Amino acid sequence: METKQPAEQERVPFYRMIMDDFMLLLFLGTTIYAIFYLLWGVMELSNLPAIPEEVKRAVLK
Amino acid sequence: MSNTIQETGDLQPAAVTAVAAPEQIFRTCDITGFKVDLRSEKLIRANAVAAVVSLLLAVTAALLLVFTRYQPVHLLNAEWYYRLVTFHGLNALIFWIIFFEVAGLYFGSTVILNTRFSSPKTGWVAFWLMIAGLVISNYYILIGKADVMLTSYTPLKAHPMYYLGVILFAVGAIIAVVLFFGNLMIARRERTYGDSLPLVAYGFMTAAIIALITLATGAIIYIPTFLWSLGLVENIDPAMYKLIWWGLGHSSQQINVAAMVSIWYMVSFLTVGGTSINEKVSRTAFVLYILFICLASAHHLLTDPGVSSAWKVWNTSYAMYLAVLASMIHAFAVPSSFESAQRRWGYNKGLFEWLSKAPWGNPAFSSIILAVIGFGFIGGTTGVIFGMEQTNIIVHNTIAIPGHFKGTVVIGTTLTFMGITYYLIPLIFRRKIVGMGWAKWQPWLFFIGIALLSISMIVLGQLGVPRRHWDSTFSGGPFTYNFNPAVDFFWTLMMLGGSIAFLSVCIWIGIVVTSVFFGPRVNGPEDMQLKISPLAPPAKSHKGFEAPGTLVLTFIFLLVFLALFFLNWKWLAATWYVK
């Protein structure tokens with residue numbers, strides 16, 4: 001079994017562990033953006049009622 | 001006194017692994033002491049050169065556009081005006097910026113971390129994909145097959161090759177960002193840095209994460225639009241297109257912000273040996289960028305009826321201003337790092353001796369200080385005000401909006417990139433700067449030019465002048481509008497500012513090209529024209545504020561912001577009278 005170096009045995013503070021984990025930060029950044037900007041926005045646009053056909057025809061005339 | 005970063009600074013990795021240079025892939029920089037991967041160096045050079053070429057294309061178009069919007073000249077016809085608006089937007093906001101950022105990412109992940117490049121061949125694939133994208137898109141714009149402006153809102157349709165060009169460029173950029181993370185993983189595995197990434201590399205990591213989010217959004221919208229242009233997809237919903245496109249368009253400018261702030265910290269270190277007075281807080285500010293800054297894309301949909309006010313308020317406030325808080329932290333941390341270091345060098349008299357005795361003759365230093373001022377006072381203040389649902393309505397779709405981002409992307413990012421290039425020429429291209437006298441003036445000239453241009457555009461927008469409009473006099477149109485006569489003065493000021501800035505960019509490109517291709521070789525530290533400062537000594541005693549001058553400057557900034565905030569609400573109240 002390998003002997004751990006003293007530096008490796010030091011406990012890394014939780015805060016720094018999160019700050020230094022770039023994969024976790026990438027995941028969090030993408031998730032927050034995807035949920036609040038993209039999904040929420042897409043859901044709102046998807047739920048818009050369709051333009052009534054007669055209004056559409058009148059506008060496009 | 002030592003003159004190498006390795007011997008003095010905190011950019012130095014705590015534990016440099018003594019790896020013998022296999023196949024001579026490394027050189028040790030005799031100025032900084034860094035171990036430089038030669039394959040990475042070539043990629044940095046190539047991307048930096050492509051960035052400069054893109055900037056030249058962008059500013060040439062910009063000058064023609066300025067003299068078109070300046071009514072007494074009205075240079076181009078309508079067709080060419082919109083063609084060059086497209087050309088300018090793509091080259092300035094995408095090609096120039098992203099090529100330079102890729103160079104920065106490679107520098108930050110290999111040179112600063114003393115590590116090797118993960119896959120140089122893939123790096124060249126990424127580079128040539130980006131070049132192909134640049135050439136194809138620009139070609140189709142110039143032959144008149146893509147007069148759709150940068151946003152290319154549907155149902156405007158460009159030639160399929162235009163979209164393909166943009167997609168190729170984005171794919172190349174995504175590969176470059178993935179390589180950056182590959183380099184970080186190698187550095188971590190080989191323990192070439194200490195417990196945490198150095199702050200500058202951390203900032204570049206932030207930029208890279210934002211870049212991945214941005215470019216992925218670009219793929220989501222550009223691939224179906226490409227298929228639509230080929231006739232394979234029947235319809236692209238314009239509202240949906242706009243929502244997703246701005247996830248690319250606005251967030252891509254947030255990559256700039258993170259990269260730019262990283263360079264600010266780097267220049268503080270290089271020029272005066274400064275470091276953040278609280279690195280933990282600076283890192284937290286970068287994390288706030290990662291988490292919340294991309295939400296701000298919603299600014300562009302503030303007048304769209306399809307999305308709710310709740311969505312707009314939450315997103316345009318960057319999640320209740322947490323990302324704005326991050327910018328405020330950096331806006332304090334960067335100048336205070338200069339001040340703290342200068343005070344430790346002995347420039348302690350009064351509030352501002354640290355500033356008056358700063359290395360103003362160093363063009364990298366002056367560029368960064370001017371970029372901080374311009375970004376904060378012009379770009380930052382207007383960004384927050386124009387980004388609010390209420391005050392946005394005064395300027396939405398007016399020329400004030402490009403005026404605002406001249407304050408962020410041009411004075412902020414472009415001037416910062418210009419400034420750091422004065423260090424890249426001797427350190428990466430190994431050439432002396434030719435025309436140092438010109439180099440000392442160039443940042444000032446650029447700052448004055450863009451400040452005039454930006455402020456004029458903002459005022460014109462407040463007076464109702466539309467953006468992206470070939471003829472704002474509406475001559476020959478069924479509707480006319482008489483603008484406030486003051487607009488004539490501000491059009492002239494805008495034209496003057498644009499011309500001065502163009503001149504300054506020409507000087508900068510002249511210096512860069514002459515130095516890189518014809519400049520004398522740098523053979524050692526004695527050829528270094530710009531000082532690389534040792535780390536500032538530790539403070540002997542600490543009483544009161546560490547950076548009182550910066551604190552005063554911050555309060556001045558806040559007062560200016562409050563005044564502008566009040567003025568805009570007053571302007572809004574005057575525009576729409578409510579009984």
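Helices here are DSSP runs of H or I at least four residues long, numbered from the N terminus. Asn114(B) counts as buried because it has 25 C-beta neighbours inside 10 Å, where 20 or more are needed.

Another loop of chain B makes a handy comparison. His74(B) sits between α2 (38-69) and α3 (78-111), and its phi, near 45°, is also a positive value in a residue other than glycine. His74(B), though, has 15 C-beta neighbours inside 10 Å, so it counts as partly exposed. Further along, the loop between α4 (120-142) and α5 (160-189) of chain B holds Pro155(B). The peptide bond joining Thr154(B) to Pro155(B) is cis, with omega at about 10°.

How far can the model be trusted? Overall, the scores are ipTM 0.89 and pTM 0.92. Chain B averages a pLDDT of 92, and 95% of the residues score at least 70. Among the elements of chain B, α4(B) has the highest mean pLDDT, 98, while helix α1 (residues 5-8) has the lowest, 44. Residues 1-21 of chain B stay under 50 in pLDDT, and the model has 46 contacts beyond four places in sequence for this stretch. Where pLDDT is low, the predicted coordinates should not be read in detail.

Turning to the inside of chain B, the largest nonpolar core has 196 residues, of which Phe99(B), Ala173(B), Ile210(B) and Tyr289(B) touch the most other members. The biggest contribution to this core comes from α3(B), with 19 residues. Leaving aside neighbours within four places in sequence, Ala173(B) is in contact with Ile98(B), Val102(B), Met130(B), Ala211(B) and Leu215(B).

Trp311(B), Lys312(B), Asn315(B) and Thr316(B) are its buried residues. They lie on the same side of α10(B) because they cover an arc of only 100° around the axis. An α-helix has 3.6 residues a turn, so residues three or four places apart point the same way. Ser309(B) and Ala310(B), on the other side of α10(B), are exposed. And what lies over the buried residues? The cover for the buried residues of α10(B) includes α3 (22-46) of chain A together with α14 (389-395) of chain B. Just after α10(B), Tyr318(B) takes a positive phi of about 50°.

Technical notes
Residues are numbered from 1 along each chain as its sequence is written. Chains are lettered from A and ligands numbered from 1 in the order in which they are written. This is a predicted model: local features need pLDDT of at least 70, side-chain atom pairs count only at pLDDT 80 or more; totals for chains, interfaces and linings use all residues. Helices (H or I, at least four residues) and strands (E, at least two) are DSSP runs, numbered from the N terminus. A residue is buried if 20 or more other C-beta atoms lie within 10 Å of its own, exposed if 12 or fewer, and partly exposed in between; C-beta atoms are placed from the backbone. A nonpolar core is a set of buried Ala, Val, Leu, Ile, Met, Phe, Trp, Tyr and Cys residues joined through C-beta atoms within 7 Å. Two residues are in contact if their C-beta atoms, placed from the backbone, lie within 7 Å. pLDDT is the predictor's confidence in each residue, from 0 to 100. The arc is that of the directions from the helix axis to the C-beta atoms.
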